[in-house]
Structures are given as structure tokens and as C-alpha cells.
Amino acid sequence: MFDFTHLPQELLPGAEELAKHFGVPAGSGARVFAEKAERLTVRREGENIRIGYSEKHEFFRGLAKAFAGKQCSETSAFSHLTLMADCSRNAVMNVGTVKKLLRVLAAGGYDRLMLYIEDTYKVEGQPMFGYLRGAYTEEELKELDAYADSLGILLVPCMQTLAHLNAIFRWDDYASVRDCNDILLCGEEKTYALIEDMFRQLSRSLNSREIHIGMDEAWMVGLGKYLDKHGYENRFDIINRHLARVLEIAEKYGYHCCMWGDMFYHLAFHGDYYRFDAEIPEEVRKQVPKNVDLVYWDYYHLDKKVYDGMLTGFQKFGNPVIFAGGAWRWTGFAPQNRFSLQVSEQAIDSCIEHGVKNIICTAWGDNGGEASIFSVLPSVLYYGARRYGADVKADFADATGCCFDDFMTLELPDEVNRTPHKDYLANYSKVFLYNDLFLGIFDSAANPAYRDVFRTSIAKMKAAEKRAGDYRYVFSSLCALLDAVSEKYDLGVRIRAAYLAGDRAAAKELCAKIGLVIRKVKKFYALFSAQWHTDNKPNGFEVQDARLGGLIARLSACRKRLSDWADGKGDLPELKEERVYAAPETNGEHDGLLYNCWTATISACPV
């Protein structure tokens with residue numbers, strides 16, 4: 001029992017929410033006192049608990065420690081720690097999920113949550129912006145903003161003002177502001193009218209006057225409609241003029257901006273980004289406006305010298321530098337926490353050495369937003385532990401009430417051939433789930449030895465599932481995925497072998513095996529649907545309905561045709577084609593099969 005009656009009013013709502021989150025009764029009991037201090041401290045004095053904090057958010061980290069029966073004395077290594085959660089890859093977190101995430105972040109040492117919202121927020125006067133996308137309403141954002149503030153967390157919008165706006169370009173309303181691909185038309189007044197509407201809306205919806213304006217990966221800027229209208233121009237100049245206009249609009253609404261810094265490298269080095277061994281020319285650096293912070297994003301490198309070189313290069317611009325690392329949940333249904341932890345360790349070491357104190361942990365959701373935001377909590381909370389010099393496993397338990405090692409089992413669906421090498425990235429579970437039984441694009445990756453690995457992994461995950469508390473549904477979904485994959489992954493290989501051998505009796509048995517796979521895929525679908533609708537708004541799941549429903553239909557069609565062939569009717573000409581080694585066991589420098597493109601996995605035909 002904890003007594004919050006001695007807390008100042010500004011801390012009371014957040015304390016009560018955190019107590020409910022951890023199932024801690026509030027009322028009579030240990031009296032909690034809050035006091036301003038130079039660092040975070042939690043100490044027990046008889047029946048009193050005194051929490052010292054330098055910033056509001058630290059009080060709630062301290063309170064979580066107190067709930068866990070801990071005392072501590074910690075100093076923050078960063079000025080700001082932000083989680084960026086992707087809400088633009090179909091999966092838009094619902095209000096309840098964002099609130100739950102905010103509570104975990106508060107307990108874990110974060111002071112900011114950035115919502116990555118390309119077009120997933122409603123904009124007054126732009127009815128097709130975010131149309132059918134599950135976009136946040138102004139009322140929802142205001143509710144989340146107030147809730148975040150109660151926990152000492154600033155809710156920061158991450159918009160896009162140049163590229164990554166492909167979703168809006170399916171509507172004719174935005175044809176006049178499109179350069180090419182997903183890129184806005186620079187120099188077009190209608191473009192800046194749209195951008196101003198976006199800023200105006202966000203300024204009404206959220207109190208933050210910190211904002212991320214995106215501007216990354218605009219590879220083809222100036223090479224579409226802009227080229228037709230103006231002819232070829234230096235693309236660095238195009239971006240700089242566009243940036244100046246965007247910053248002018250932002251300033252009108254009182255914003256301080258940050259932006260991704262990769263485009264300056266891409267244009268300076270003819271498409272290269274990670275040029276840690278080279279400097280951007282001084283004449284280029286001088287042209288970059290000084291009233292914008294530059295974000296160096298890097299989710300990939302295990303060699304600290306890359307971060308050292310890139311941070312040195314970014315700091316020479318003279319702009320404030322922010323670093324963004326990654327909690328890998330963007331390769332399919334399962335997370336990649338081990339790799340995330342390995343690269344994050346090198347990155348944070350480098351940031352501390354170079355005095356970079358503004359840190360972002362990104363959690364993207366490429367190709368459908370399939371992995372739960374909570375599946376990467378080991379990676380996310382690692383950043384908080386590093387901020388305060390704490391033990392990550394103990395910190396994880398204090399922030400979640402769960403076991404760090406249990407959550408690390410969530411990536412077992414993709415860990416089938418891990419070698420002693422540290423550099424391992426793979427998404428076998430998604431590839432094997434969708435690999436076609438008759439086309440077999442990835443049959444070459446179906447090692448017979450994986451069956452025993454899958455069975456061992458399922459047992460480990462099911463044991464962890466029992467201890468997962470409020471996160472059990474995430475484990476249930478991935479257990480069902482792995483169960484389906486363990487039956488399906490080499491089924492196409494066996495079907496082709498039976499066909500080429502003319503073994504119709506074996507084909508009959510394999511038809512029964514397809515039926516088993518269908519039942520297991522349906523079970524996964526049900527549990528994955530439950531996970532999605534627990535975490536997210538319903539919009540976007542229609543894509544998963546189509547993918548998994550199409551998979552079930554395709555499995556049924558293959559079973560019917562295989563059964564017909566076993567009965568002496570028809571033929572299966574796809575199985576006669578020679579198989580090429582289309583799925584090497586490495587992806588570049590990384591061990592493991594990584595291929596996160598649904599359309600290219602299911603077919604060799606354009607879809």
C-alpha cells in the first residue's frame with residue numbers, strides 16, 4: 001500500500017495511473033514524498049519513501065523503483081530520451097495502447113514519445129488526408145497529450161514534409177502537389193498551403209513545440225513533375241529552398257524543428273549515406289539552415305568506428321545533433337531484439353563519448369506493422385537503462401513486472417540457424433509462412449534440421465508465455481505462428497519430391513498435411529487478429545485479412561490440385577520447373593534469411 005496524499009497535485013494523477021498499471025493499491029501505507037533534486041534518488045526512511053527528481057518524468061521512474069521495493073541514486077546521461085513509434089505502416093496504435101506504452105516509458109526512464117504520423121492524423125480542410133487510415137482525431141491527440149504530460153512525458157509529432165507521403169497520393173486531391181513517387185512537389189504554392197494546414201492542425205492538437213519534420217529518403221526529388229516544370233536543377237538547392245519554406249511555416253506556429261540528416265549525405269556523396277570516412281564539403285555544410293536540429297539515424301552497424309565517424313561528420317555542420325537508433329520490429333511478425341541490443345550498445349557508447357545527449361529509439365513497422373510495439377520492450381528499455389547506468393534486466397523487471405529473458409524468446413520464430421557470429425538478422429517465420437507450396441521461391445532455405453529447432457523454440461516460448469502477464473497475447477500469437485511454420489516450412493519441398501517421383505500415395509498423405517497447416521494458419525490468424533485489435537485501431541488489418549485469407553485460399557487450392565493429381569487427374573507443371581537458389585542463407589553481411597516483402601514472397605508475377 002502506498003499513500004500519495006503528500007504529493008503535489010501535478011504528480012498525483014500520474015502516480016495514481018502508474019499504481020493502477022502495476023496493480024499497487026493506493027491508500028494508507030508507505031507515505032510517498034517528492035522533492036526536487038539534482039539527480040534521481042529513491043530512499044526509504046521508515047514508513048516514508050522519498051523520491052528526489054530533477055525533471056518531472058524522473059519522479060515516475062523513481063516511483064516504479066519504489067513499487068519494486070528498490071532504492072537508487074541515478075544520474076541521467078542524456079538530456080532527452082525519446083521513443084519514436086511508427087503509426088504509419090497500417091498499424092495505428094489505439095488510445096489505450098499509447099497510454100499503456102506511456103506508463104512503461106515513464107517507468108523506464110523516457111521523457112518523450114514521438115508518434116510517427118505521415119498522414120495518420122486528421123487535418124481540418126483536408127478531408128482526404130488520412131482518409132480510411134485510422135487517423136488520430138484532434139480530440140484523441142489532445143487526450144493523449146494530457147495523459148503523457150501527467151507522467152512527465154512530452155508527446156512530440158513526427159510529420160513528413162517532403163517524402164514518405166505515398167498514402168495521400170492515391171487520391172486525386174493531391175496530384176497537383178506530387179513530384180514523383182512519394183515526394184511532394186517543391187516550389188509549388190499548393191504544397192506549402194498543405195504543409196501549413198498540417199502544422200496548424202498539430203499546433204492545435206498537441207502542446208509540444210518540438211516537432212520532427214522528416215525530409216528523409218527523397219531519392220528522386222526534383223526528377224519528376226519538378227523536372228518537367230523547371231528543368232534540371234541542383235537537388236541540394238531544391239531541398240534547401242524547400243527546407244527554408246518549411247522552417248518559415250514552422251516558426252509561424254512557434255515550432256523548433258529537427259529533421260533526418262541523411263539527404264545531405266546522399267546528395268553530397270552521390271547516393272551514399274554512411275560515409276564515416278569522409279567529410280561533406282564545407283560549402284555544402286554552410287548552406288544548411290542553423291535553426292534545425294539534424295538527426296543521424298543508424299540501425300545497422302556493429303562497428304563503433306562508423307558511429308564515431310558519422311557523429312563527427314554531423315557535428316561539423318554546427319547544428320545540434322540528435323542520434324536515432326532502432327528497436328527492430330520491422331522485419332515481420334517477430335522482433336529482432338538481440339541485434340537491436342548489439343548495435344545500440346555501440347551507438348550509445350559513441351554518443352556518450354561525443355557528447356550527444358538527445359537520443360531517439362525508433363520502432364518502425366515496415367511492410368504492414370505486424371510486430372507488436374511491446375515485442376521490442378527489451379530494446380526500448382535498454383536505452384532507459386543506459387541513460388541511468390542501470391542493469392537492463394533489473395530495470396526491465398521494474399518497468400514491466402516481467403522477465404527480460406522471457407521477452408527475448410519472442411524472436412525465436414526467426415532464430416533457426418544462429419551461428420556464433422553476433423551479426424544475425426532474419427525473418428524466416430514470415431518467409432516460410434508465405435512461401436508458395438508450388439512455386440517454392442524460398443524452398444532452398446528449408447533445411448530439414450529446422451524442424452527440431454522449431455519444436456524446441458515453441459516449448460521455450462510457451463513456458464515464457466505463462467509468465468508474460470498483460471503481454472501474454474503477444475506470446476500467444478507468435479507461438480501460433482511458429483507452430484504453423486513448423487509444419488509448413490518444407491512442405492513444398494516434399495510435395496515436389498513426391499510429384500517428381502510419381503509417388504501418388506505420398507501425395508495423398510501430403511494433402512492431409514496441407515489440411516493440418518490450414519488449421520494451424522487459421523489459429524494463428526485468430527490470435528494475430530486478437531493481438532492487432534488489442535494494440536491498434538482496426539484500419540490496416542484489412543491488409544492482413546487479405547494476406548492471410550489469401551494464404552488459406554491458396555493452401556486450399558494447392559490441396560485440391562495435389563489431390564486431383566494423386567487421383568490421376570490433371571498435372572502440376574509448376575513443379576517441373578528447376579529450382580534456383582533464390583534464398584541464400586545470408587543477407588549481405590548478416591547471417592540469416594531476411595526478405596520482408598510479402599508480394600515478392602508469394603509470387604514471381606507482378607501483383
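The model is a predicted one, so local features are taken at pLDDT of at least 70 and side-chain atom pairs at pLDDT 80 or more, while totals for chains, interfaces and linings use all residues. Residues are numbered from 1 along each chain as its sequence is written, and side-chain values rest on heavy atoms, with hydrogens and water left out.

Two helices come first. Helices and strands here are DSSP runs numbered from the N terminus (H or I, at least four residues, for helices; E, at least two, for strands). Helix 19 spans residues 504-535, 32 residues in total. From first C-alpha to last, helix 19 reaches 46 Å, close to the 46 Å expected at 1.5 Å a residue; the expected span is 1.5 Å times one less than the number of residues. At the N-terminal end of helix 19 sits a cap, Asp503, with a side-chain oxygen 3.4 Å from the backbone nitrogen of Ala505. For reference, a polar contact is a pair of N or O atoms within 3.5 Å; within protein, one must be able to donate a hydrogen and the other to accept it, and residues adjacent in sequence count only if both atoms are side-chain atoms.

Helix 2 (residues 56-67) has twelve residues and an end-to-end C-alpha reach of 18 Å, close to the expected 16 Å. Helix 2 is largely enclosed by the rest of the structure, because twelve of its twelve residues are buried. Buried stands for under 20% relative accessible area, exposed for over 50%, and partly exposed for anything in between, with a 1.4 Å probe and protein chains only. Just after helix 2, Gly69 takes a positive phi of about 75°.

A search of the whole structure turns up two cavities of 30 Å³ or more. A cavity is a set of points, on a 1 Å grid over the protein atoms alone, where a 1.4 Å probe fits but cannot get out, and its lining residues have an atom within 4 Å of a point. Grid points are joined across faces, edges and corners, and a volume is the space filled by probe spheres set on the points. The largest cavity holds about 70 Å³ and is lined by 14 residues, with Ala91, Arg329, Ala371, Ile373 and Asn536 nearest its centre. Helix 19 turns up again here, giving the most to this lining with four residues. By type, the lining of the largest cavity splits into six nonpolar, four polar and four charged residues. In this scheme Ala, Val, Leu, Ile, Met, Phe, Trp, Tyr, Cys and Pro are nonpolar, Asp, Glu, Lys and Arg are charged, and the others, Gly among them, are polar.

The second largest cavity has a volume of about 40 Å³. Its lining is made up of Phe432, Asn435, Asp436, Leu437, Asp443, Lys488, Tyr489 and Gly492, which divide into three nonpolar, two polar and three charged.

On to the cysteines. The structure holds zero disulfides, a disulfide being a pair of cysteine sulfur atoms within 2.5 Å. Cys257 has its closest cysteine sulfur in Cys258, but at 7.7 Å that is too far for a bond. Cys597 is in no disulfide either, with the nearest cysteine sulfur, that of Cys605, 14 Å away. Cys257 is buried at a relative accessible area of 2%, whereas Cys597 is partly exposed at 30%.

His164 is not a glycine, yet has a positive phi of about 60°. His164 lies in the loop between strand 8 (154-158) and helix 5 (189-205) and is buried, at 12% relative accessible area. Met215, also a non-glycine, has a positive phi near 70°. The loop holding Met215 runs between strand 9 (210-212) and helix 6 (225-230), and Met215 is buried at 1% relative accessibility.

Finally, some pairs across the chain. Tyr192, in helix 5, is buried at 4% relative accessibility; its C-alpha is 8.3 Å from that of Ile249, 57 residues apart along the chain. Leu412 sits in the loop between helix 14 (404-408) and helix 15 (428-434), with its C-alpha 9.0 Å from that of Pro335, 77 residues apart along the chain.

Conventions: On a 1 Å grid over the protein atoms alone, a cavity is a set of points where a 1.4 Å probe fits but cannot get out, and a pocket is an open set with protein on both sides within 12 Å along at least five of seven lines; lining residues have an atom within 4 Å of a point.
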